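Have the viewer open while you read.

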Amino acid sequence: MVFTIIFFSIVFWFAKSPSKLVDRVGKILTPILLILIFTVFVKSLFMDAVPLKNAVSPYKENPVIRGFLDGYQTMDGLCAFIYGIIFTNLFTVKKITNRSLQIKYLISFGLISGILLSICYIIIAYLGAKALIPGTVDHGAVVLSIVMTQLLGNGGTVLLAILFSVACLSVCIGLVTSCAQYFTTMFSKISYIQWVLLLCVASGVVANLGLSQILKVSVPILGFLYPIAITLMILGILHSWLPSYSRPVYVITIIMVGLFSLLEMINSTIFNGEFNPYLLWIPLQTDGFGWITIGGIGFVLGSIAGKILPNTGHTNTA
């Protein structure tokens, strides 16, 4: 609890001045994080020659699919939506009004972030594959803790704590800032600083539940939210090519994907997979992507509805 209070006090200090966020986080926290990760990787290259372990189920059978689904837990995709608020405000502060220039910058940001994230995940995967893990573990944080201890002894635990703290600070500052800015526009009676304080306190309370307990709650929720988010991303990318009656396409597609994801979440959490035999009749559901089939059906129905319904118009929400 003491650590949490200190941590979110730092988050509050960074987030209270959103105009300085890029300079503070970009020039301080991000370089520190990358240097720490690269240092650990270099150190791992000089470990005793331990052969890389073979993959185990379910990663052995479907590594790409399993990795994609487990990637929901990183929340990278959902955070990208929220961070869009920061970029929008940044463009305003920097007086970048040209749309083509904004798109160019966003594409550059996306590519740089994707490359850096890929490098970080590859390094982490490499460390996990070389580590000697006794028995089974609950989550990846335990694996990293074991790896760091094997690499650097007791000092590795301290370095890992610093690594986690810096990584979580970067993410948490961005999310608190974005959410506070968003909620300020919706509920203007509460000031931006008050929203920042409220979010820091709420996040601190949740953080004290512990990672294992948080994952039990968050994994089903993320499984519900991610198909909706990915669907919205795909529709947003295709927006320029959608017909003029695209509003029903958005509405019906997202509603159908959302309802299916909700059904999946209820089935897995409340009914312990009792309805799996019925859901498996849906194409791609065997791999966990039945929502793609449902989304495709929604897209077709939305296109038909757009032709039938009058004055639906072309949505500009993308």
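Helices here are DSSP runs of H or I with at least four residues, strands are E runs of at least two, and both are numbered from the N terminus. On the helix 4 side, the contact (heavy atoms within 4.5 Å) includes Cys-79, Ile-82 and Tyr-83, while helix 7 contributes residues including Ser-170, Val-171 and Gly-174. By class, nine residues of this contact are nonpolar, five are polar and none is charged. For these classes, Ala, Val, Leu, Ile, Met, Phe, Trp, Tyr, Cys and Pro count as nonpolar, Asp, Glu, Lys and Arg as charged, and the others, Gly among them, as polar.

A word on provenance: this is a predicted model, where local features need pLDDT of at least 70, side-chain atom pairs count only at pLDDT 80 or more, and totals for chains, interfaces and linings use all residues. Residues are numbered from 1 along each chain as its sequence is written, and side-chain values use heavy atoms, with hydrogens and water left out.

The table sets two helix pairs side by side; axes are lines fitted to C-alpha atoms over the stretch in contact, and angles run from 0 to 180 degrees between N-to-C directions.

| Helix pair | Axis distance | Angle |
|---|---|---|
| helix 4 and helix 7 | within 9 Å | roughly 70° |
| helix 9 and helix 10 | 8 Å | about 160° |

The angle makes helix 9 roughly antiparallel to helix 10 (over 145 degrees; under 35 is roughly parallel, 65 to 115 roughly perpendicular and the rest oblique). Their crossing is right-handed, and their contact has 13 nonpolar, seven polar and no charged residues.

What about aromatic pairs? Rings of Phe, Tyr and Trp (its six-membered ring) pair if their centres lie within 6.5 Å, and the count comes to 14 pairs. Tyr-72 and Tyr-226 are stacked, because their ring centres are 4.5 Å apart and their planes are at 5° (stacked is under 30 degrees, edge-to-face over 60, tilted the rest). Tyr-72 sits in the loop between helix 3 and helix 4, and Tyr-226 in helix 9, 154 residues apart.

Overall, the chain has twelve helices and zero strands. Its mean pLDDT (the predictor's confidence in each residue, from 0 to 100) is 83, and 93% of residues reach 70 or more. Over residues 313-318 the pLDDT is below 50. Where pLDDT is low, the predicted coordinates should not be read in detail.

Notes. Left-handed = near helix turned anticlockwise from the far one by under 90°.
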